[in-house]
Amino acid sequence: MARKLSAGIVLYRRRALALEVLLVHPGGPFWAHKDDGVWSIPKGEYQSGEDALEAARREFQEETGFPAQGHFIELPAVMQPSGKQVSAWALEGDLDPAQLRSNLFEMEWPARSGQRRQFPEVDRGAWFALEQARRKLVPGQVPLLDALAQALEQPPP
């Protein structure tokens with residue numbers, strides 16, 4: 001079976017001498033009451049042979065409603081515990097998380113009810129300083145914060 005591939009954007013900004021990253025919280029009923037360890041960079045799956053950066057840009061726009069444009073810094077890919085390989089690019093930028101607009105997905109909810117409902121793929125986004133982002137991120141993506149700090153020559157959190 002082929003390895004699952006995912007690509008995303010680590011959007012960052014500098015505020016009051018601190019480096020902050022934009023993280024998104026997964027939408028849907030399973031994640032509604034979970035916080036630490038479940039946030040993610042805006043990302044999504046792509047197929048082998050597809051351009052990973054283009055996939056990252058597409059997924060960023062689908063999950064946030066904002067285009068990803070500017071100078072991209074490729075970060076080392078990380079392997080999540082699930083076996084999914086995540087390729088990521090750092091991009092300096094700023095956006096208002098209150099204006100975030102995500103695409104929708106459909107699932108049966110409540111489970112085994114026969115009813116289909118739509119939920120946003122991402123229900124909210126927020127800016128976090130690197131130290132706080134370490135707690136919020138899914139563990140498999142935490143190495144991206146170190147790679148970002150190294151790429152920007154910042155001390156690690």
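## The largest pocket

In this predicted model, the largest pocket holds about 550 Å³ of space. There are 29 residues that line this pocket, and the closest to its centre are Pro26, Trp31, Ser40, Lys43 and Lys84. Strands S2, S3 and S6, together with helix H1 (52-64), are the elements that give two or more residues to the lining.

When the lining of the largest pocket is sorted by class, it comprises 13 nonpolar, 10 polar and 6 charged residues.

## Aromatic pairs

Searching the whole structure gives 3 aromatic pairs, and two of them are described here. In one of them, the ring centres of Phe30 and Trp109 lie 5.7 Å apart, and because their planes stand at 80 degrees, which is over the 60 degrees required, the pair counts as edge-to-face. This pair links distant parts of the chain, since Phe30 sits in the loop between strand S2 (18-26) and strand S3 (43-46), while Trp109 sits in the loop between strand S6 (104-108) and strand S7 (116-120), 79 residues apart. Phe30 is exposed, with a relative accessible area of 52%, whereas Trp109, at 24%, is partly exposed.

Another pair is formed by Trp39 and Phe128, whose ring centres are 5.1 Å apart and whose planes meet at 85 degrees, so this pair is edge-to-face. Because Trp39 lies in the loop between S2 and S3 and Phe128 lies in strand S8 (residues 122-129), the pair ties together parts that are 89 residues apart in sequence.

Trp39 counts as buried because its relative accessibility of 3% is under the 20% cut-off. Phe128 is also buried, with a relative accessible area of 7%.

Note on methods: Residues are numbered from 1 along each chain as its sequence is written. This is a predicted model: local features need pLDDT of at least 70, side-chain atom pairs count only at pLDDT 80 or more; totals for chains, interfaces and linings use all residues. Side-chain values use heavy atoms; hydrogens and water are left out. Rings of Phe, Tyr and Trp (its six-membered ring) pair if their centres lie within 6.5 Å; planes under 30 degrees apart count as stacked, over 60 as edge-to-face and the rest as tilted. Helices (H or I, at least four residues) and strands (E, at least two) are DSSP runs, numbered from the N terminus. Buried means under 20% relative accessible area, exposed over 50%, partly exposed in between (1.4 Å probe, protein chains only). On a 1 Å grid over the protein atoms alone, a cavity is a set of points where a 1.4 Å probe fits but cannot get out, and a pocket is an open set with protein on both sides within 12 Å along at least five of seven lines; lining residues have an atom within 4 Å of a point. Grid points are joined across faces, edges and corners, and a volume is the space filled by probe spheres set on the points. Ala, Val, Leu, Ile, Met, Phe, Trp, Tyr, Cys and Pro count as nonpolar, Asp, Glu, Lys and Arg as charged, and the others, Gly among them, as polar.
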